[in-house]
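Subject: Structure for you, with notes

Hello,

Here is the structure I said I would pass on. Please open it first and keep it beside the notes below.

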Amino acid sequence: MMRPQIIVLKEGTEASQGKSQVVSNINACQVVADAVRTTLGPRGMDKLMVDAGGKATISNDGATIVKLLDVVHPAAKTLVEIAKSQDAEVGDGTTTVTMLAAELLKQVKPYIEDNVHPQVIVRAFRKATQLALEKIDEIAVSIPRENTEEHRQLLEKCAATTLSSKLVASQKTFFAKMVVDAVSILDDLLPLNMIGIKKIQGGALEESRLVAGVAFKKTFSYAGFEMQRKKYIKPKIALLNVELELKAEKSNAEVRVDSVEVCYEYQNIVDAEWSILYEKLDAIVQSGAKVVLSKLPIGDVATQYFADRDLFCAGRVPEEDLKRTMQACGGSIQTSVQSLTNDVLGTCELFEEEQIGGERFNLFTGCPQAKTCTLILRGGAEQFIEETERSLHDAIMIVRRAIKNDAVVAGGGAIEMEISKYLRDISRTIAGKQQILIGAYAKALEIIPRQLCDNAGFDATNILNKLRQKHAQGSKWFGVDISKEDVADNFEACVWEPSIVKKNALTAAAEAACLVLSVDETIKNPKSQNTDNRPAPAPMGRGRGRPM
């Protein structure tokens, strides 16, 4: 007697499970890795992506690329997430982490097909990752902070290594120094939002500059602005969140007056509004401030009033710039003008307005509490300047990490080859399936030097054989030498990376691989459809006071 079929899931629900599902997820992850594979290293290529609105982005930053890819496969999204987390946590190594995760999955795909249980592979990966992290800690080189000159060189070399794979690689020495100077200005917490980046089209990359203080673009101004002085030495600075303009009547407004008394009353209201404005302006002048910045508008009357009394003013200043000015120059942002005493006014050595390219900028330099700075970037195309900003963001993140964790390792595939050799040696001492799985993990690490060679057009097999030989002989810092198409001691060549970057990349890649391997079933619910095949509308709200 046949049992009746039990229907639990809605009609149209897709469910796939078992070995084929794991293999399908692995293949999806390979596609994401293939999208960023060619961007790795100093000879990596760039990607041009155009979004739905037609905006073009040129980048070789792994995190930027995977963010702009509209990935819909649920398993492949895991790789997108780890690239984002690597970017947020460390700033660099986003392509590395995506490729490592995909390569780990590729190496164990044959074992999945041969019915090795995914949990056995997950245990082996976790053990291998733990061994790899211990090895990095063991061989990483620390440079003591007491030696200021050496520590600065360490930071510059880390920044230069990051920038060598970017679009601005030709100017990496110039920008590495600029980035280290910028981060050195910040306080001990190294807040990223205290480094402002302003982009101005035109000019050459070398015309980019670092302002040890605050710089922001000249705001909208009224006619009297041109009469104001544009340079002050040791001025007092008033930071306001106060509106200094008369409220305009509605256009074509009409006021009908039917008696002389009402006419006087209306005139008194108008006079009162003017007198309130003049009282505010007089209070600011009496405070001794020479530079007035406000988040809210400063009208034409106020602009002319300040110009007549030798004050500089700027309204509609962005809140972020106003806060950074407060951090640099001292003082505090006031919501009224009644108590503008010296302790709430900021100051700096020099305030000036300067023409930079086609824009005019307000510069505050020589700030007494300068824990903030501004990078002014120049360049030709808009996409090029935006990619320069992304490159410098990565370098700034790396320098911040290197200050907090001063241990470094050699880049260019050297650390990956050393860990690969170490794990191979360890795997031979382990019995059972873990031996081949840790060996597969070790082989997956070789994807980094192999891809560096492929992207530069070198013979990857030949160079990897040389690297295996050097590492077997105990030369632990040998990696790919891009400039000579050979292998070299990358520690001597100053290709340095903070060890935290590699540790984070290995941990994130292994976690992502384990996550994909541990999923053995995918269930997709059908999309709700109306009778005419249109998607069903969102459910209506209950409204106030209605029962469920």
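The notes below go through some helices, a helix pair and several single residues.

This is a predicted model, in which local features need pLDDT of at least 70 and side-chain atom pairs count only at pLDDT 80 or more, while totals for chains, interfaces and linings use all residues. Residues are numbered from 1 along each chain as its sequence is written, and side-chain values use heavy atoms, with hydrogens and water left out.

Helix α15

Helices (H or I, at least four residues) and strands (E, at least two) are DSSP runs, numbered from the N terminus. Helix α15 covers residues 460–472, and its end C-alpha atoms are 18 Å apart. That agrees with the 18 Å that its 13 residues should span at 1.5 Å a residue; the expected span is 1.5 Å times one less than the number of residues.

The buried residues in α15 are A460, I463, L464, L467 and H471. They cover an arc of only 100° around the axis, which puts them on the same side of α15. The arc is that of the directions from the helix axis to the C-beta atoms. Buried here means under 20% relative accessible area, exposed means over 50%, and partly exposed is in between (1.4 Å probe, protein chains only). An α-helix has 3.6 residues a turn, so residues three or four places apart point the same way.

The buried residues of α15 pack against helices α12 (414–427) and α14 (447–456) and strands β17 (478–481) and β18 (486–489). At the start of α15, the backbone nitrogen of T461 has a side-chain oxygen of D459 within 3.3 Å. A polar contact is a pair of N or O atoms within 3.5 Å; within protein, one must be able to donate a hydrogen and the other to accept it, and residues adjacent in sequence count only if both atoms are side-chain atoms. After α15 comes G474, with a positive phi near 100°.

The α12 and α15 pair

The axes of these two helices, α12 and α15, come within 10 Å and cross at roughly 65°. Axes are lines fitted to C-alpha atoms, for helices over the stretch in contact, and angles run from 0 to 180 degrees between N-to-C directions. The crossing of α12 and α15 is right-handed; a crossing is right-handed if the near helix is turned clockwise from the far one by less than a right angle, and left-handed if anticlockwise. On the α12 side the contact is made by A414, M417, E418 and K421, and on the α15 side by L464, L467, R468, H471 and A472. Contact means heavy atoms within 4.5 Å.

Helix α7 (residues 172–185) has 14 residues and reaches 20 Å from its first C-alpha to its last, close to the 20 Å expected at 1.5 Å a residue. Its buried residues are F175, A176, M178, V179, V180, A182, V183 and I185. What covers them includes α6 (148–163), β5 (195–201), β6 (209–211), β15 (373–379) and α11.

In α10, D321, L322, R324, T325, A328 and C329 are buried. Seen down the axis of α10, these residues fall within an arc of 165°, so they line one face of the helix. A328 has 0% relative accessibility, and its C-alpha is 8.5 Å from that of G346, 18 residues away in sequence. G330 follows α10 and has a positive phi near 85°.

Single residues

D310 lies in the loop between α9 (300–308) and β11 (312–314), and at 27% relative accessibility it counts as partly exposed. R316 lies in the loop between β11 and α10 (319–329); at 41% it is also partly exposed.

D394, in helix α11 (residues 382–404), has 1% relative accessibility. Leaving out residues up to four places away in sequence, D394 touches D61, D87, G91, D92, T162 and K166. E497, in strand β19 (residues 496–498), has a relative accessible area of 13%. Apart from neighbours within four places in sequence, E497 is in contact with C158, T161, A407, V408, V409, G411, G412 and K502.

Regards
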